[in-house]
Number of protein chains: 2
Amino acid sequence: MEGAIELVKTVRLLLIGAGNVGRHFLELITLKRDILHDRLGLRLVLAGVADRSGVAVCSAGLDPCRVVELKLNGQGVAAYPRWGQVDVSALEMVETAQAGLLLEASPVNLRDGQPGLACIDAALARGMDVVTANKAPLVLAFPRLLALAEANGAQIRFDATVAGGLPAVNLGQRDLAMADVYRLEGILNLTSNYILTSMAERGLSYDQALAHAQAAGHAEADPRLDVEGWDAANKLVILAHSVLHYPATLAEVAVQGITGLTAEVLRQAVAEGKRVKLVAAAEREGGRYRLAVGPAWLDASHPLAQLGAEQMGIVYHTDVCGVISAAIVEETPMPTAAAMLRDVLDLYGTKS
Amino acid sequence: MEGAIELVKTVRLLLIGAGNVGRHFLELITLKRDILHDRLGLRLVLAGVADRSGVAVCSAGLDPCRVVELKLNGQGVAAYPRWGQVDVSALEMVETAQAGLLLEASPVNLRDGQPGLACIDAALARGMDVVTANKAPLVLAFPRLLALAEANGAQIRFDATVAGGLPAVNLGQRDLAMADVYRLEGILNLTSNYILTSMAERGLSYDQALAHAQAAGHAEADPRLDVEGWDAANKLVILAHSVLHYPATLAEVAVQGITGLTAEVLRQAVAEGKRVKLVAAAEREGGRYRLAVGPAWLDASHPLAQLGAEQMGIVYHTDVCGVISAAIVEETPMPTAAAMLRDVLDLYGTKS
């Protein structure tokens with residue numbers, strides 16, 4: 001109820017990573033400052049931010065707009081007037097700054113999870129809550145991080161790690177908490193879906209479709225993680241841990257990418273009333289789940305078959321909650337940044 | 001984390017209404033007793049239950065299975081051995097029984113909301129939390145009930161009132177709490193969608209399709225509330241209050257039902273690549289929303305167009321969260337009962 005909030009909670013946060021998602025998060029908390037304060041009882045103070053250039057730390061609060069300006073001008077946060085520092089690392093900031101919440105949006109590094117993993121470890125060890133958009137630390141160390149959080153009375157949220165701004169994790173972890181999910185299927189990687197949809201609908205070759213995806217900002221210069229299926233596999237591992245209560249490892253996911261598919265194969269599928277999509281799936285077999293990522297020939301009536309180029313989606317097959325599907329149209333990084341803010345509200349917000 | 005819960009919370013609940021949804025809820029809490037206890041830290045004690053026959057109240061806890069057996073044998077809860085009483089009303093039970101939570105699943109009565117409204121009032125006035133599957137009290141008195149809850153330090157949840165087991169309210173109220181929803185569209189009434197889909201796909205007449213829906217348990221003997229659009233309009237009013245922060249009244253919803261549609265019209269639409277669905281929609285115009293329920297000719301690519309006979313769905317168009325859609329396949333009342341349990345977990349459960 002508007003106006004009913006009397007207590008406003010102040011949360012001091014540190015942001016690691018000021019790339020696409022981190023920068024949109026800073027824009028978002030500026031854009032939504034009044035709603036956060038008036039309707040949700042929350043005042044967010046940016047106590048520190050880190051990127052490759054160094055850090056900017058100010059316990060009284062940095063100006064998020066100023067950080068956004070620096071980044072749009074091609075500068076690092078170390079150039080922040082007065083509070084920028086080139087000789088301090090993200091980890092050192094997390095270990096020393098006064099804050100209750102770490103927002104982790106640094107680049108995905110599947111080799112060792114760094115620098116995100118060390119920052120999350122340090123934050124949780126200090127009892128700080130963590131909201132992360134970075135899959136790697138979770139894929140590498142999910143059970144350990146959850147146990148570390150619990151041991152320190154802290155919480156960790158990661159809705160932004162799976163399917164961008166779609167609340168796929170929240171839906172499964174919270175709305176289906178009492179359900180037995182015996183099967184899930186998802187289109188979890190936007191790049192692959194953009195490419196496959198462009199090939200099927202516009203007759204583009206793989207290379208043409210990839211170039212289009214890169215031009216639209218939906219594919220990296222090096223797209224291998226996405227088109228070879230590993231990004232979707234990472235997300236599947238996170239869903240397995242968090243929704244299926246199944247301690248999956250990346251090694252047990254059968255992974256196949258989309259690089260072997262031709263426009264002809266995709267158009268032939270359409271002619272037969274089917275759609276080829278890169279589907280991540282988990283299916284229970286006995287006491288465990290079989291996990292796979294690969295091209296699937298879906299009937300046109302399948303809830304994932306109709307998803308367009310800029311969409312992702314998920315389907316949960318459950319015992320008592322029916323079959324629940326959800327999808328998002330995501331044209332910019334803003335919905336993923338909003339998923340981070342959703343997690344912040346889940347931790348601290350007052351339900352309006 | 002399994003095994004990490006050390007404190008188990010005991011919640012004593014009263015259930016009003018032991019029809020389809022209420023009975024399934026009792027089956028559900030029996031079926032899920034171990035998961036609720038071990039994973040979610042919750043022990044539910046059925047302290048009382050009421051139906052048209054009277055009540056059964058026992059502060060040590062009734063056996064939910066015994067209540068289910070009575071209902072399946074065509075008996076009322078007043079026949080419950082030792083604790084059944086014919087001369088006590090639901091309201092009297094709520095006013096006197098020892099419990100912290102009221103579950104309201106009594107029949108929808110749009111005239112005056114009774115008996116549900118009086119029971120909810122009484123529960124909130126005592127500081128009891130309320131989880132309701134009954135639309136009528138909310139449609140008639142949403143702002144008053146929310147204010148009453150707040151004044152008494154109680155909470156009210158109603159995810160089960162809209163689109164059955166689909167977490168449509170939760171998704172909007174919680175996952176989109178920071179977003180501006182400038183438009184929403186939903187297929188919120190299963191009966192109408194079942195009928196329209198049967199007519200379009202199987203060439204049935206309206207009367208034949210209605211008879212099929214009734215035989216499948218998807219339509220009431222008197223289907224007017226559903227097929228004339230008023231059930232969907234009620235749900236739209238609840239979404240307007242809870243998700244759009246817009247204090248809608250039923251009177252301002254432009255309502256048109258499906259009774260004027262013929263199989264020929266529906267099949268003609270399919271031939272033109274469209275689907276006719278009963279759509280409830282809210283669209284912002286200036287400082288208010290325009291609300292309408294009526295048949296809509298949707299493009300086949302519309303996220304609601306593909307929904308089958310036993311499905312409902314919703315689409316939220318937002319400023320910063322993209323376009324988020326969700327749908328459910330709901331073949332029995334169990335998912336709606338599960339939505340009530342979801343609300344209970346939202347109030348008391350420990351996130352696993």
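## Strand pairing across the chains

Two strands count as paired if DSSP finds at least two bridges between them. In this predicted model, strand β13 of chain A (residues 323-329) and β13(B) are joined by 7 bridges and run antiparallel.

## The interface

Contacts between the chains involve 44 residues of chain B and 44 residues of chain A. On the side of chain B that touches chain A, at least two residues each come from α2 (33-38), α6 (135-151), α7 (168-175), β13 (323-329) and α13 (334-348). Of the elements of chain B, β13(B) gives the most to this side, with 7 residues.

By residue class, the side of chain B that touches chain A consists of 27 nonpolar, 9 polar and 8 charged residues.

## Chain A as a whole

Chain A contains 13 helices and 13 strands. Its radius of gyration is 21 Å, close to the 20 Å that the globule rule gives for 352 residues, so chain A is as compact as a globular protein of that length. The C-alpha trace of chain A spans about 60 × 45 × 40 Å along its principal axes.

Of the 352 residues in chain A, 57% are buried. Among the contacts in chain A with a separation of 6 or more, 72% are between residues 24 or more positions apart.

Definitions and conventions
Residues are numbered from 1 along each chain as its sequence is written. Chains are lettered from A and ligands numbered from 1 in the order in which they are written. This is a predicted model: local features need pLDDT of at least 70, side-chain atom pairs count only at pLDDT 80 or more; totals for chains, interfaces and linings use all residues. Two residues are in contact if their C-beta atoms, placed from the backbone, lie within 7 Å. Helices (H or I, at least four residues) and strands (E, at least two) are DSSP runs, numbered from the N terminus. Ala, Val, Leu, Ile, Met, Phe, Trp, Tyr, Cys and Pro count as nonpolar, Asp, Glu, Lys and Arg as charged, and the others, Gly among them, as polar. The radius of gyration is taken over C-alpha atoms; the globule rule is 2.2 Å times the number of residues to the power 0.38. A residue is buried if 20 or more other C-beta atoms lie within 10 Å of its own, exposed if 12 or fewer, and partly exposed in between; C-beta atoms are placed from the backbone.
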